[in-house]
Amino acid sequence: FYAFINWIFFDKLACREWHDTLFHVLALECVLLFPVLLLMVYMSPSVQVLTWSVLSVIAFGKLLLLYKTVRLFSVKIYGALHLITYFCTFEVAPLWVELELLTHITDLL
């Protein structure tokens, strides 16, 4: 689905830049999570400190990706169409299929 949607709405250069940015942000998250892992192994801090540390690193990575998404894809109206298509394809459609399956199973009971 990703390849098809990206092929329709975006040029090859924008898609390549997005993949490069995604790789770099994921690498940054790994580098930032490594000290948290070392802290967990050698110091055994509280669960709350570890939870907030991990969540803050992940939230920072997601904010960087959101910023890059806005900068890369919101130049044209196609960016808004991409977000709508993304949301419908990857978020709503599986929930709708699951609801239909559960309704069908309930009807059989």
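**Figure 1. One salt bridge in the whole structure.** A search of the whole structure finds 1 salt bridge. The model is predicted. The pair links distant parts of the chain, with Lys 68 in helix H3 and Glu 17 in helix H2. Their side chains meet at 2.8 Å, N to O. Side chains of opposite charge can pair when their charged atoms come close.

Figure 2. Glu 17 sits in helix H2. Is Glu 17 buried, partly exposed or exposed? Glu 17 counts as partly exposed, because its relative accessibility is 31% and this class lies between the buried limit of 20% and the exposed limit of 50%. Setting aside neighbours within four places in sequence, Glu 17 is in contact with Lys 68 and Leu 72. The contact with Lys 68 includes a side-chain polar contact of 2.8 Å. Along the chain, Glu 17 and Lys 68 are 51 residues apart. Their C-alpha atoms are separated by 9.6 Å.

**Figure 3. The largest nonpolar core.** Which residues form the largest nonpolar core? This core has 5 residues: Ala 14, Trp 18, Val 25, Leu 65 and Leu 72. Two elements give two or more residues to the core, helix H2 (12-42) and helix H3 (47-73). The largest share, 3 residues, comes from H2. Leu 72 of this core is also a contact of Glu 17.

Figure 4. Ala 14 has its place in helix H2. Ala 14 counts as buried, because its relative accessibility is 10% and the limit for buried is under 20%. How many residues separate Ala 14 and Leu 72 in sequence? The two are 58 residues apart. In space, C-alpha to C-alpha, Ala 14 and Leu 72 are 6.9 Å apart. Both belong to the largest nonpolar core.

Figure 5. Glu 29 lies in helix H2. Glu 29 is buried, yet has no salt bridge. Not counting residues up to four places away in sequence, Glu 29 touches Val 57, Ile 58, Gly 61 and Lys 62.

**Figure 6. Ser 44 in the loop between H2 and H3.** Ser 44 is found in the loop between H2 and H3. Ser 44 counts as exposed, because its relative accessibility is 57% and exposed means over 50%.

**Figure 7. The chain as a whole.** The secondary structure comes to 4 helices and 0 strands. Read along the sequence, the pattern is α-α-α-α. Of the 109 residues, 18% are buried. Among contacts with a separation of 6 or more, 83% join residues 24 or more positions apart. The accessible surface comes to about 8800 Å². Carbon and sulfur atoms hold 75% of that surface.

How values were computed:
Residues numbered from 1 in each chain as written. Predicted model: local features only at pLDDT ≥ 70, side-chain atom pairs only at ≥ 80, totals over all residues. Heavy atoms only, no water. Core = buried A, V, L, I, M, F, W, Y, C linked by side-chain atoms within 4.5 Å. Buried < 20%, exposed > 50% of the residue type's maximum accessible area, 1.4 Å probe, protein only. Contact = heavy atoms within 4.5 Å. Polar contact = N/O pair within 3.5 Å; in protein donor to acceptor, adjacent residues only side chain to side chain. Areas by Shrake-Rupley, 256 points an atom, 1.4 Å probe, with all protein chains shown as cover. Salt bridge = Lys/Arg side-chain N within 4 Å of Asp/Glu carboxyl O. Lys, Arg positive; Asp, Glu negative; His and termini not counted.
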